[in-house]
Amino acid sequence: MRMIALSLLLIAPFASAQNLVPNPSFERGTNEPEGWRLNSGVGKWESFGRTGKRCVSVAGNGNDSNAWECVGWKPEGGKLYRIRFFVRRSPDSAGGTPITGFSTVNRDAWDVPTDGKWHMREFVCRTPMEGNTGVLRFGQWHVNGTVSYDDIEVLPVIAVHKIVGHGTW
């Protein structure tokens with residue numbers, strides 16, 4: 001008997017699941033966005049957010065890497081998360097890629113155009129079962145120019161399986 005299982009990823013049981021990320025649009029803070037820190041290199045807490053007044057940016061020289069890391073929340077091991085965010089590359093940027101997601105489950109946003117406009121991206125990932133679950137980060141790898149981020153959202157998801165077909169070989 002052949003059964004084809006299709007995994008559907010759905011937002012956790014409640015349609016209005018709460019965003020797990022503190023300060024997701026970077027509006028709160030004094031000298032830097034509350035709950036976030038720049039791990040190295042050049043980055044700014046900008047005043048041109050997609051929504052609200054703020055966002056964060058990282059700048060690269062084409063041979064470096066840096067990111068804003070969320071220090072106000074850590075993922076649980078072995079869990080599925082949907083990560084959604086808005087990203088923009090400066091029109092004069094070249095090469096490299098924006099990097100997103102957890103440090104243990106990296107996702108390159110290589111397809112973001114260099115048009116200076118905000119673009120929504122999202123993906124689902126699973127954190128490692130044991131050990132270091134990583135840190136949520138948004139940055140750049142080998143970009144010569146600036147990448148900006150705003151409106152970060154992380155929601156828990158569950159896998160729901162559905163049998164497709166007649167269930168016979």
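Start by selecting Arg-82 and Glu-153: their side chains meet in a salt bridge, 2.8 Å from N to O. A salt bridge here is a side-chain nitrogen of Lys or Arg within 4 Å of a carboxyl oxygen of Asp or Glu. Arg-82 lies in strand S6 (residues 80–89) and Glu-153 in strand S11, so the pair ties together parts that are 71 residues apart in sequence. Strands are DSSP runs of E with at least two residues, and helices are runs of H or I with at least four, numbered from the N terminus.

Both Arg-82 and Glu-153 are buried. Buried means under 20% relative accessible area, exposed means over 50%, and partly exposed is in between (1.4 Å probe, protein chains only).

A word about what is on your screen: this is a predicted model, where local features need pLDDT of at least 70, side-chain atom pairs count only at pLDDT 80 or more, and totals for chains, interfaces and linings use all residues. Residues are numbered from 1 along each chain as its sequence is written, and side-chain values use heavy atoms, with hydrogens and water left out.

**Stop two: more charged pairs**

Side chains of opposite charge can pair when their charged atoms come close. The structure holds 7 salt bridges. Select Glu-69 and Arg-37 for another of these pairs, with the closest N and O atoms 2.7 Å apart. Glu-69 sits in strand S5 (residues 65–70) and Arg-37 in strand S2, so this pair links parts that are 32 residues apart in sequence. Glu-69 is buried at 9% relative accessibility, whereas Arg-37 is partly exposed at 39%.

Now pick Asp-111 and Arg-121, whose closest N and O atoms are 3.2 Å apart in a salt bridge. Asp-111 is in the loop between S8 and strand S9 (119–126), and Arg-121 is in S9 itself, so the pair ties together parts that are 10 residues apart in sequence. Asp-111 is partly exposed, with a relative accessible area of 38%, and Arg-121 is partly exposed too, at 22%.

**Stop three: an open sheet**

Switch to a cartoon view. An open sheet of 5 strands has the order S2-S5-S10-S7-S8, with antiparallel pairing; two strands pair if DSSP finds at least two bridges between them. Its edge strands, S2 (36–38) and S8 (105–108), each pair on one side only. Select S7 (residues 97–102) and S8 together: 4 bridges join these antiparallel strands. Within that pair, Ile-99 has Asp-108 in S8 as its bridge partner.

**Stop four: two backbone angles**

Most residues other than glycine have a negative phi. Phe-26, in the loop between strand S1 (4–11) and S2, has a positive phi near 60°. Phe-26 is buried, with a relative accessible area of 1%.

**Last stop: the whole chain**

Zoom out. The protein chain has 0 helices and 11 strands. Of its 169 residues, 40% count as buried. Among contacts (heavy atoms within 4.5 Å) between residues at least 6 apart in sequence, 77% join residues at least 24 apart.
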